[in-house]
There are 2 protein chains.
Amino acid sequence: MIKSIERAGAGLRWIDQTKLPGKLSYRESTDYFEIIRAIKRLEIRGAPAIGIAAAYGMAVAVEKARVFDLAFIKQVGSQFKKARPTAINLFWAVDRVVARAEADGSGAVSDSGCLWQEAEAIHSEDAEMCRKIGENGAELIEDGETVLTHCNTGALATGGIGTALGVIYTCRNRGKNLRVFADETRPLLQGARLTAWELKQENIDVTLICDNTAGSLMRQGRIDRVIVGADRIARNGDVANKIGTYSLAVLARENNVPFYVAAPSSTFDRQVESGDLIPIEERPAEEVTDCFTTRTAPEGIAVYSPAFDITPRDLVSRYISDTGVETGGRA
Amino acid sequence: MIKSIERAGAGLRWIDQTKLPGKLSYRESTDYFEIIRAIKRLEIRGAPAIGIAAAYGMAVAVEKARVFDLAFIKQVGSQFKKARPTAINLFWAVDRVVARAEADGSGAVSDSGCLWQEAEAIHSEDAEMCRKIGENGAELIEDGETVLTHCNTGALATGGIGTALGVIYTCRNRGKNLRVFADETRPLLQGARLTAWELKQENIDVTLICDNTAGSLMRQGRIDRVIVGADRIARNGDVANKIGTYSLAVLARENNVPFYVAAPSSTFDRQVESGDLIPIEERPAEEVTDCFTTRTAPEGIAVYSPAFDITPRDLVSRYISDTGVETGGRA
């Protein structure tokens with residue numbers, strides 16, 4: 001399976017996901033500003049992946065600066081935290097690296113090693129959480145079923161096999177043949193560009209649809225389960241995830257299709273009480289109005305483009321995590 | 001208000017809607033094959049507009065052939081009927097023109113005049129139906145409200161001011177200021193390209209959203225009413241309309257937002273018992289995979305792209321027609 005992020009000496013190497021599916025192109029940098037920029041530009045995206053990238057990015061910064069200084073480390077961390085607001089994994093990963101520096105850093109530059117260790121731990125733990133999510137989720141799905149997914153939650157989005165897509169890969173590895181419908185996921189088409197690409201690479205039967213087609217498919221009885229990832233899950237179980245998730249959850253309940261949210265422990269935010277308190281990033285109008293180089297909306301048109309929405313716990317059938325499967329409010 | 005279709009001597013003149021919003025370009029032809037092609041290519045689209053174009057197209061064919069022959073007229077009509085399968089207005093308009101030829105045609109070529117008359121009657125009656133739909137619908141909407149609409153149902157889609165957009169224009173003319181959210185309407189972005197353009201031309205406050213954002217807006221309480229058009233309404237009240245309509249209807253009910261379908265009498269099909277018997281056109285994969293010149297999905301990817309879906313009567317609050325307002329199953 002593809003690796004979307006990897007340490008490369010004193011730097012980070014990543015797949016520039018904005019170039020997919022046309023081109024599988026890797027970028028490498030020892031400049032942490034470049035890594036922040038890559039997160040902002042969605043070259044690196046997916047809640048777990050941006051956490052991992054930020055952790056590596058902090059090690060990259062210290063290594064390059066040749067200064068092991070807690071104030072500097074915290075300042076780099078706060079720059080990473082500003083890259084994107086919704087996914088909790090980013091904040092969680094930065095806080096882990098800062099805590100490690102506080103605990104283990106001797107003040108010697110050679111101790112950037114402890115930051116690399118922490119970043120690598122975050123990375124390999126994420127891979128392990130993906131593996132467990134896959135195992136826990138695969139129990140819920142039968143051979144021959146058709147699942148619908150949204151956005152990209154696979155190897156590109158994580159440090160391992162993915163969350164929702166990890167469940168699909170694990171089913172395949174256990175001999176359960178699934179059919180997958182992938183929402184294209186406007187505006188940036190992560191479903192069309194990334195999920196369709198990943199699943200095709202893995203020879204999984206995937207059909208691409210426009211986001212507005214999912215409801216009709218469910219009504220026709222052609223979807224057995226909906227499975228999505230999450231960017232942040234509040235203490236009450238509300239789920240922040242890619243815009244359109246809420247609609248899928250309502251349509252799934254209307255059509256008696258189970259609705260699963262697959263996410264690692266690092267996505268659960270115990271600090272935020274409910275979904276409505278999660279900050280929702282708004283994206284630039286051009287992502288909607290300029291459809292991949294061709295202008296497809298009138299000049300000067302107003303646009304509302306939130307990147308995420310909130311799905312209340314009542315619409316979730318199951319949460320699939322590395323620690324097990326929990327019932328949601330719909331169960 | 002813009003005229004999307006007009007008789008031009010012995011031919012038809014129309015706006016090539018595939019060029020909008022970049023360019024307002026008119027095409028003209030005295031070749032009925034060109035008109036069929038324009039309907040297939042969605043240069044002319046919108047259920048009422050394609051009916052009107054087909055009616056004119058039949059007059060164009062007879063005028064050019066210089067043969068007034070019922071068998072020929074029927075054959076031209078059946079070619080028009082094959083252009084697109086879902087909107088009933090196309091079939092209804094062709095049948096009207098054939099009936100007129102049967103009733104009034106003398107067999108003389110000069111009698112192509114009766115076909116032009118019938119086409120012009122269909123056109124002007126449609127404009128009048130739009131006007132009445134606007135009046136009937138405007139009663140239901142209050143000053144200051146926010147409405148959400150899908151696809152394009154305005155002057156571009158009809159022979160008059162439109163159906164759902166006609167209601168919005170009539171509100172404006174009566175001094176009711178509305179705010180409109182327009183779904184972009186994938187795959188061909190009729191909302192972004194056409195509705196956003198039409199409403200901006202008319203100085204109506206419009207904000208463009210991705211289709212998958214409508215549910216979140218409704219959940220936030222930011223939408224007072226949803227109003228859409230229809231391509232065909234079955235005898236039991238089921239509505240075939242642009243893909244995504246069904247999802248909006250479910251989301252509207254979930255969030256207690258009234259859901260209105262605005263359509264002229266010519267869109268009601270008394271022959272078809274229920275929505276599930278309405279043929280649903282499937283569109284080519286490229287409309288999904290090639291996002292306006294840039295390839296945005298992997299080569300060889302499977303695509304499911306129905307142009308329409310079925311919204312059951314139970315999800316409709318009101319049908320707004322030229323003959324009045326009827327309650328739906330949700331009322």
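How much area do chain A and chain B bury between them, and how much of it is on carbon and sulfur atoms?

Modeller: The model is a predicted one, and chain A and chain B bury about 4400 Å² between them, with 60% of that area on carbon and sulfur atoms. On the side of chain A, the residues that lose the most area to chain B are Asn212(A), Arg219(A) and Tyr304(A), which together make up 18% of what that side buries. In terms of contacts, 56 residues of chain A meet 56 residues of chain B.

As to confidence, the predictor assigns the complex an ipTM of 0.94 and a pTM of 0.95. Chain A has a mean pLDDT of 94, and 100% of its residues reach 70 or more.

The arrangement of the copies comes next. Chain A is superposed on chain B by a rotation of 180° with 0.0 Å of shift along its axis, at an RMSD of 0.0 Å. That is the relation of a two-fold axis. Of the interface residues of chain A, 100% are also interface residues in chain B, so the copies meet through the same surface.

Polar interactions also cross this surface. The rule finds 22 residue pairs in polar contact across the interface, both residues being at pLDDT 80 or more. It also finds 6 salt bridges between chain A and chain B. A salt bridge joins Glu184(A) to Arg186(B), with the closest N and O atoms 2.6 Å apart.

Several elements of chain A each supply at least two residues of the side that touches chain B. The helices are H7 (190–201), H8 (214–219), H9 (245–254) and H10 (286–289), and the strands are E6 (205–209), E13 (302–303) and E14 (308–311). H9(A) provides the largest share of that side, with 6 residues. By residue class, the side of chain A that touches chain B divides into 28 nonpolar, 16 polar and 12 charged residues.

Leu189(A) lies in the loop between strand E5 (179–183) and H7 of chain A, and its phi is near 60°, a positive value in a residue other than glycine. The peptide bond from Leu20(A) to Pro21(A) is cis, with omega near 5°, and Pro21(A) is found in the loop between strands E2 (11–15) and E3 (26–29) of chain A. In chain B, the bond from Leu20(B) to Pro21(B) is cis, with omega near 5°. Most residues other than glycine have a negative phi, and most peptide bonds are trans.

Notes. Residues are numbered from 1 along each chain as its sequence is written. Chains are lettered from A and ligands numbered from 1 in the order in which they are written. This is a predicted model: local features need pLDDT of at least 70, side-chain atom pairs count only at pLDDT 80 or more; totals for chains, interfaces and linings use all residues. Side-chain values use heavy atoms; hydrogens and water are left out. Copies are superposed by least squares on the C-alpha atoms of residues with pLDDT of at least 70 in both. Contact means heavy atoms within 4.5 Å. pLDDT is the predictor's confidence in each residue, from 0 to 100. Buried area is the accessible area (1.4 Å probe) that two parts lose on being put together, summed over both. A salt bridge is a side-chain nitrogen of Lys or Arg within 4 Å of a carboxyl oxygen of Asp or Glu. A polar contact is a pair of N or O atoms within 3.5 Å; within protein, one must be able to donate a hydrogen and the other to accept it, and residues adjacent in sequence count only if both atoms are side-chain atoms. Helices (H or I, at least four residues) and strands (E, at least two) are DSSP runs, numbered from the N terminus. Ala, Val, Leu, Ile, Met, Phe, Trp, Tyr, Cys and Pro count as nonpolar, Asp, Glu, Lys and Arg as charged, and the others, Gly among them, as polar.
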